[in-house]
Amino acid sequence: MTDAAELRRRTQELLAAHPPATTDRLDFLRARFDAGLAWVHYPEGLGGLGAPRHLQAVVDAELEAAGAPDNDARRNGIGLGMAAPTILKYGTEEQKQRYLRPLWTGEEVWCQLFSEPGAGSDLAALGTRAVPDGDDWVVNGQKVWTSGAHNARWAILIARTDPSVPKHAGITYFLCDMTDPGVDVRPLRQITGEAEFNEVFLSDVRIPDSCRLGEVGNGWRVAQTTLNNERVAIGGMRLPREGGMIGPVAKTWRERPELRTHDLHQRLLKLWVESEVSRLTAERLRQQLVAGQPGYEGSGMKLAFARLNQEISGLEVELRGQEGLLYDDWTLRRPELVDFTGRDAGYRYLRSKGNSIEGGTSEVLLNIVAERVLGLPAEPRTDKDVAWKDLAR
Amino acid sequence: MTDLLYSEEEEALRAAVRDLLADHCDAPGVIARTESGAPHDLAAWKALADGMGLAGLLVPEELGGQGASHREVAVVLEELGRAVAPVPYLTSAVVATEALLVCGDEELLGRLASGRAIGALAVGLHTAPGAVAKTARLENGTLHGELTGIADAAVADVLLVPADDGGLYAVTADAVTVTPQVSLDLTRPLATVTLDGVPGRRIGDAEPAVRRALRTAAGLLASEQLGVADWALTETVRYLKERKQFNRPVGGFQALKHRLAQLWLEVAGLRAAARAAADALATGEDTDVTVAVAQAYSSPVAVRATEEALQLHGGIGMTWEHPVHLYLKRAKADSIACGTAGAHRAVLAELVDLQSP
């Protein structure tokens with residue numbers, strides 16, 4: 001069993017062999033991966049040591065103190081949070097060896113080709129087709145809301161491989177090379193003015209069968225691993241008091257007494273309390289995970305996060321009064337990462353509208369809480385036993 | 001760092017209290033009792049205080065108590081809330097005890113800790129920590145006046161009375177007139193205490209004792225509110241899985257599922273806030289902010305949980321025989337007890353520097 005002392009020792013060894021001051025950033029990250037200190041809960045040989053997940057904090061603290069470069073995890077959130085755990089669970093040995101190291105170091109950024117214009121909340125209704133042809137699959141279809149596709153080297157992709165069976169049974173999961181011919185990434189401009197999302201058109205894209213993840217027809221189950229990890233990633237942040245969206249508005253309130261009104265004061269205090277309770281709930285969830293008694297709070301964290309972000313940013317635009325009528329910049333930009341609390345109040349207000357849609361709409365998440373946590377009856381399903389090709393569209 | 005979980009010992013304590021209350025405080029029994037002249041369940045109180053030693057949780061062992069912490073008391077209050085138990089636990093084992101701990105009155109503490117005596121602080125239940133409490137008049141060494149809204153005074157053996165000289169006085173119940181008031185919450189009835197030239201024993205300064213007692217009560221009341229809200233949610237989910245309309249379980253309709261899921265989310269928040277307050281009271285760290293946050297959050301959630309429970313039970317929820325009204329009345333009364341959510345938000349505004357205009 002690898003304990004904290006052992007991890008500290010190994011981290012010091014890494015630092016001694018590769019002094020951060022004189023080592024190239026990427027060389028250091030690769031050496032860290034090879035030493036099993038990238039994500040310590042991963043298996044040996046794949047960037048980890050099979051240690052308990054919470055001991056990662058021990059390694060991170062040592063490395064930070066030594067001024068070591070980190071892998072700028074926010075730039076590859078989909079890779080780290082969703083692609084990696086899915087590849088770890090369903091990948092072949094070759095796939096794990098090939099993809100996990102450059103994914104972790106950030107040499108290869110990942111995106112997620114899941115949603116389609118006709119398959120959002122009803123993701124299993126997707127229509128992108130993958131047809132076998134020799135050792136390849138030929139893929140045709142259109143994906144949408146693809147964050148970061150313009151920076152991505154690889155994508156996780158789900159496509160329909162058998163239209164003659166019910167919709168959940170005919171899906172297969174692939175790893176798609178975004179540089180392949182036939183992959184066309186087009187910016188999708190959003191209400192904020194920037195294009196953080198994309199549409200991705202797939203025209204006769206040839207994916208080798210070696211890039212299939214899991215069994216043919218088992219893609220829905222594989223995708224569940226990705227989606228469960230998505231929600232954990234969104235709810236798992238650890239913040240100090242006033243660490244989230246409430247921070248900027250509290251600061252504005254303190255610095256600009258001339259903007260204060262009684263109505264806004266009441267709303268601000270209420271949201272401050274709710275932000276603090278949300279932070280405590282996330283902290284309680286984290287303590288439960290560490291103690292090995294996972295709770296269900298994670299299912300609900302994203303709901304609270306989305307609602308609070310929207311209410312708080314809306315309040316801030318109002319608080320700014322005359323300035324609230326202005327916007328910082330409508331220029332089309334292609335950001336490398338999503339920054340909910342960046343830019344000005346108007347941006348935060350508009351961007352936060354997506355928080356209740358991306359990664360599962362609040363309506364779908366409420367259904368999930370009601371059914372899986374509270375055990376209430378599922379929605380009636382008329383499409384469950386019908387072949388996908390026979391569904392009305 | 002704040003410990004927001006329950007320890008194994010705390011879970012064992014919960015199980016023991018829940019067992020005891022299952023035997024003593026079933027809903028039909030509580031309802032029947034509210035209609036009698038003696039709404040308090042003194043048999044349940046004796047079993048809790050004397051049998052299990054829970055009245056002395058906050059009192060050090062050398063003074064005859066259990067030397068436990070606010071975290072354990074919070075667990076007891078969760079279960080008492082879940083059963084809307086009509087026992088003077090909050091008033092005697094928490095409020096009066098905490099006031100006596102500030103004053104250092106060992107003799108009285110010992111009696112309260114053992115459950116041999118029930119104490120009540122003669123301050124209106126609605127009073128927020130830090131608010132100015134109404135006092136009795138001290139004239140020629142005796143106490144005069146009328147104090148209203150005193151919770152559980154009807155069963156108290158000793159009343160702790162703040163007087164206009166700044167002192168806190170211990171007064172035996174025999175010496176005063178206690179007149180029951182018709183209370184919204186039938187399970188924590190209020191009374192008027194009339195003092196007509198009553199002798200009292202000065203046990204200390206009123207201001208610090210009352211402030212400390214009410215702050216503790218406010219923080220731990222969140223755990224009682226958690227018990228109330230958790231009962232309302234659990235019971236409503238159970239009922240909606242059973243109850244059929246339109247040939248389907250009512251709980252399968254999305255409009256209702258979303259309401260319950262939203263409520264679950266708020267109760268999860270209430271649990272975190274209540275645990276944080278109990279832990280902050282036990283450790284003394286960041287206590288004022290954590291208590292104010294817990295009270296500002298808990299009251300509206302507990303009220304909403306019981307209001308949702310009533311609505312989603314339909315007609316049966318409106319009847320006297322179904323216990324949901326006991327919980328609604330307790331939740332609404334609790335939302336005023338020890339200061340409203342708004343009062344706690346106002347305190348918070350000062351504490352975290354979000355000043356009013």
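This report walks through a strand, a helix pair and an annotated region of a predicted model.

## A covered strand in chain A

Let's start with strand β5 of chain A, which spans residues 171-177. This strand is mostly covered, and seven of its seven residues are buried. In a regular strand, side chains alternate between the two faces of the sheet. Here A:I171, A:Y173, A:L175 and A:D177 point one way from β5(A), while A:T172, A:F174 and A:C176 point the other way.

## The neighbours of β5(A)

Strand β4 of chain A (residues 154-160) runs antiparallel to β5(A), and seven bridges join the two. β5(A) is also joined to strand β8 of chain A (residues 212-213) by two bridges, again in an antiparallel arrangement.

A:Y173 is a handy residue to look for in this part of the model. Opposite A:Y173 stands A:I158, and in β8(A) its bridge partner is A:L213.

## Two helices packed together

Next, find helix α8 (residues 262-290) and helix α9 (residues 297-319), both in chain A. They pack at an angle of about 155 degrees, with their axes 10 Å apart. Because angles over 145 degrees count as roughly antiparallel, α8(A) is roughly antiparallel to α9(A). The contact includes A:L264, A:L268 and A:L271 of α8(A), and A:M301, A:L308 and A:I312 of α9(A). The crossing of α8(A) past α9(A) is left-handed.

## An annotated region in chain B

Finally, turn to chain B. An unreviewed UniProt entry annotates residues 7-108 of this chain as "domain: Acyl-CoA dehydrogenase/oxidase N-terminal". Over residues 7-108 of chain B, the chain is 65% helix and 0% strand. The C-alpha atoms at the ends of this stretch are 31 Å apart.

Terms used. Residues numbered from 1 in each chain as written. Chains lettered and ligands numbered in written order. Predicted model: local features only at pLDDT ≥ 70, side-chain atom pairs only at ≥ 80, totals over all residues. Heavy atoms only, no water. Buried < 20%, exposed > 50% of the residue type's maximum accessible area, 1.4 Å probe, protein only. Helix = DSSP H or I, 4+ residues; strand = E, 2+ residues; numbered from the N terminus. Pairing = 2+ DSSP bridges. UniProt positions renumbered as here; feature names shortened; annotations may be inferred. Axes fitted to C-alpha atoms, helices over the stretch in contact; angles between N-to-C directions. Parallel < 35°, antiparallel > 145°, perpendicular 65-115°, else oblique. Left-handed = near helix turned anticlockwise from the far one by under 90°. Contact = heavy atoms within 4.5 Å.
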